[in-house]
Amino acid sequence: MRILWKILLPAAGVISSSLSAVDADATAFGASLHNHRGAPASFLFLPKSTSQTYRSAFKRQRHQIITLKNNPSWNIPRGGQQSLHSLRSYSSALFDGSILSTATSSPFLQYNIVIFLVNLLGMMISLIFPGMQYHLDLLGTGAFAVASSCMLLINGINSSLLRVQISSLAVIIWSTKLAAFLFYRALKVKEDARLESTLSTKSGVVFFWLISFFWGAISSLPHSLGVASSLEGDNIGLYSGTIIYTVGLLMESIADYQKWSWKQSNPSKFCSGGLWGISQHPNFAGNILIWTGIAIMNVPSLSWQLVPVACLSPLILWNFFLGQAQGSITSGVELATKKYGGDPGYSDYIENVPLLFPDLKKLLAKKN
């Protein structure tokens, strides 16, 4: 909750300062909304092709501000005594809808709006049917496929780019595959003990789906920013990214299948066969590779300011999954210790098998 507060508090400050500027003159009001050489701060998070549309809209708004300022019949007293009618007229002149329409036409924002709406649907279902878990991963993970499919249909000329098509197809395949598997698992297992306490209250439900939305938005950064770019990128990044993505997809899929099959035959034993014998969480490692590959596909098409933003996805995923594997984020490690702690082989497994990525040196040494 502290992390969310740190994110929301500055946003609230920006909104508050913008609203208080209504009591100032037109120049001060315009200054409160603009920075970075007269461009809105959001330009820093959008590709050049998208921000050009914004710049033209803000030029029109700036012209309206100057016109209002130079009009002697327009008097905005600093004491805040202007009539409600004048205030409404002033607000209407500044915000005639063009800024909102250009903002929502951004492919980056459109993608995240779809992610938000799907998670909102999930939250409503959780509130109406308390305790039900069948839809959690179906919607939370499936939102990626829904958003990527929508962007292919409505993104116009960018959708004709090979890079955008491959990146979108990669996200759709991964999302559909994982959502289907997790939904099938939920139907069989019925409930996840790790989520019982979180979903037992309305505040917990809201928090869960907020995290799910932020998770989707942050994980998707390489793709959502790439989809918004009209640049082709380069073949080296596209092909190498596709290879890394494919390795990650296979690793995650095989790991999920191996653990599911193991649990059907050995429900009371921890999984240590196949990929699970060289990594405690090979599915996590595969997911990191998936988004690293998607990032490599799209980074060459982004402006240099956006490259670090796109790279946040695999970096945050790495730290999040590492926290899960160590037990500092969820109770998975604690539950596993209670369940398998009596098995002498479990302690040896935890001590010698890497958390995420296999130790290639040890594997090569064993072969030699």
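Begin by selecting Asp-256: beyond its neighbours within four places in sequence, this residue is in contact with Lys-177, Leu-178, Phe-181 and Asn-283. The model on display is a predicted one. Asp-256 has its place in helix α11. Although Asp-256 is buried, no salt bridge is found for this residue. The nearest side chain of opposite charge belongs to Lys-177, at 4.4 Å, whereas a salt bridge requires a nitrogen-to-oxygen distance within 4 Å.

Next, select Lys-177 together with Glu-252. These two residues form a salt bridge, with the closest N and O atoms 2.6 Å apart. The pair links distant parts of the chain, since Lys-177 lies in helix α8 and Glu-252 in helix α11, 75 residues apart. Lys-177 counts as partly exposed, at 25% relative accessibility, while Glu-252 is buried, at 3%.

Then move to helix α14, residues 332-340, and select Glu-334 and Lys-338, which are four residues apart, about one turn of the helix. Their side chains meet in a salt bridge of 3.7 Å, N to O. Glu-334 is partly exposed, with a relative accessible area of 47%, and Lys-338 is exposed, at 65%. The whole structure holds two salt bridges.

Finally, view the entire protein chain. It has 16 helices and zero strands, and 40% of its 368 residues count as buried.

Definitions and conventions
Residues numbered from 1 in each chain as written. Predicted model: local features only at pLDDT ≥ 70, side-chain atom pairs only at ≥ 80, totals over all residues. Heavy atoms only, no water. Helix = DSSP H or I, 4+ residues; strand = E, 2+ residues; numbered from the N terminus. Buried < 20%, exposed > 50% of the residue type's maximum accessible area, 1.4 Å probe, protein only. Lys, Arg positive; Asp, Glu negative; His and termini not counted. Contact = heavy atoms within 4.5 Å.
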